[in-house]
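Work through these exercises with the model open beside you. Try each task before reading its solution.

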Amino acid sequence: MGRNDSLEMGELTDTAYYILLSLVDARHGYLIMQTIEEMTDQRFQIGPASMYTTIKKLLVAELIQLFDDDDPKRKTYIATEKGIELLKKEVKRRQEMVLHAEEVFKIRGERLI
Amino acid sequence: MKKVKYIANGGLAFFEEKEMKKLAEYAKEGWVLEKFAGLGYKLRKGEPQDIEYALDYQKGADDEYFAFFEAAGWSHVCSAGNEIHIFSAPTGTKPIYTDKPTTVEKYEREKKQMGKVALPFFISTVVFWLVGIFNDLGSVPESIAILFQVLGMISLIPLIFTGMPYLSYQWKLLKLRKG
């Protein structure tokens with residue numbers, strides 16, 4: 001869609017990253033929000049409009065799929081194999097980014113935090 | 001005492017934040033938004049409320065969409081054509097958009113939507129006016145040229161009403177991408 005569509009570049013936005021991460025197990029929307037807030041100690045919050053938009057995008061990209069839609073208000077989703085693969089790749093990418101920063105700060109003799 | 005008040009809509013495509021703030025100010029005085037009414041809003045007198053308003057564009061919003069907002073503490077107030085939705089929540093509630101990529105998408109969606117409506121009027125306006133210009137060169141009978149000029153004027157009106165919001169969204173996206 002947009003020119004800064006990170007999904008098409010094979011990267012996940014922070015929001016997509018956490019949603020996908022919480023959908024390793026099947027969950028419905030509200031539980032996804034709660035899981036993420038608990039996981040990050042309330043530091044990462046996702047507003048309802050960002051949530052809805054990102055879930056729709058992940059569905060189109062086949063990174064998640066519908067698990068159960070008996071209750072249209074509480075549809076549950078689960079990450080697909082493709083989604084898990086991308087998530088792993090993304091974790092690796094972010095891990096490397098952190099590592100690079102750690103190296104730079106180590107050379108400067110500065111401590112992180 | 002009056003129970004209902006109608007106020008003008010200052011142009012959601014141009015002054016979204018200002019409009020939402022204006023509605024919040026009214027709510028503080030007890031004038032609470034009830035629904036869209038024509039080109040404005042219908043407010044109803046009630047208890048003063050310390051709330052915020054938020055606007056979203058979502059064509060064909062479904063049950064799940066509204067359930068997400070409800071779960072996050074945002075109550076659905078009203079919608080126009082199941083495309084423009086206004087929500088309210090106590091001041092300080094986590095915003096409905098929490099990241100830039102999805103905020104960009106909100107305006108991308110609406111820009112596209114508006115562009116689809118504006119395009120035919122843009123084409124017809126250009127075509128009608130071109131015919132008018134060709135008439136000055138003497139290649140078209142005058143009566144037809146006048147008719148086309150009038151049609152060009154007529155199609156300019158909807159073009160302004162759709163083209164201006166389109167440009168406004170474009171401008172907003174430019175600012176979002178830079179900032």
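The exercises below concern a predicted model.

**Exercise 1. Determine how many helices and strands chain B has, and in which order they run.**

Step 1. Count the elements. Chain B has four helices and six strands.

Step 2. Read from the N terminus. The order is β-α-β-β-β-α-β-β-α-α.

**Exercise 2. Compare the radius of gyration of chain B with that of a compact globule of 179 residues.**

Step 1. A compact globule of 179 residues would come out near 16 Å.

Step 2. Chain B has 21 Å.

Step 3. Check the spans. Along the principal axes, the C-alpha trace of chain B extends about 70 × 45 × 30 Å.

Step 4. A residue is buried here if 20 or more other C-beta atoms lie within 10 Å of its own. In chain B, 25% of the 179 residues count as buried.

Step 5. Look at sequence separation. Take the contacts in chain B with a separation of 6 or more: 61% of them join residues 24 or more positions apart.

**Exercise 3. Work out which helix of chain A gives the most to the side that touches chain B.**

Step 1. Size the contact. It pairs 24 residues of chain A with 23 residues of chain B.

Step 2. Name the helices. H1 (14-22), H2 (29-39) and H3 (48-60) of chain A each supply at least two residues to this side.

Step 3. Pick the top contributor. H3(A) gives the most, with seven residues.

Step 4. Classify the chain A side that touches chain B. It has nine nonpolar, eleven polar and four charged residues.

**Exercise 4. Describe how H1(A) and H2(A) cross, and which residues meet.**

Step 1. A packed helix pair is described by the angle and the distance between the axes.

Step 2. Read them off. The axes of H1(A) and H2(A) come within 9 Å and cross at roughly 105 degrees.

Step 3. Angles of 65 to 115 degrees count as roughly perpendicular, so H1(A) is roughly perpendicular to H2(A).

Step 4. Name the residues. From H1(A), A:Tyr18, A:Ile19 and A:Ser22 meet A:Ile32, A:Thr35 and A:Ile36 of H2(A).

Step 5. Classify them. The contact of H1(A) with H2(A) has four nonpolar and two polar residues, and no charged ones.

Terms used
Residues numbered from 1 in each chain as written. Chains lettered and ligands numbered in written order. Predicted model: local features only at pLDDT ≥ 70, side-chain atom pairs only at ≥ 80, totals over all residues. Contact = placed C-beta atoms within 7 Å. Nonpolar A, V, L, I, M, F, W, Y, C, P; charged D, E, K, R; others polar. Axes fitted to C-alpha atoms, helices over the stretch in contact; angles between N-to-C directions. Parallel < 35°, antiparallel > 145°, perpendicular 65-115°, else oblique. Rg over C-alpha atoms; globule rule 2.2 N^0.38 Å. Buried ≥ 20, exposed ≤ 12 C-beta atoms within 10 Å, placed from the backbone.
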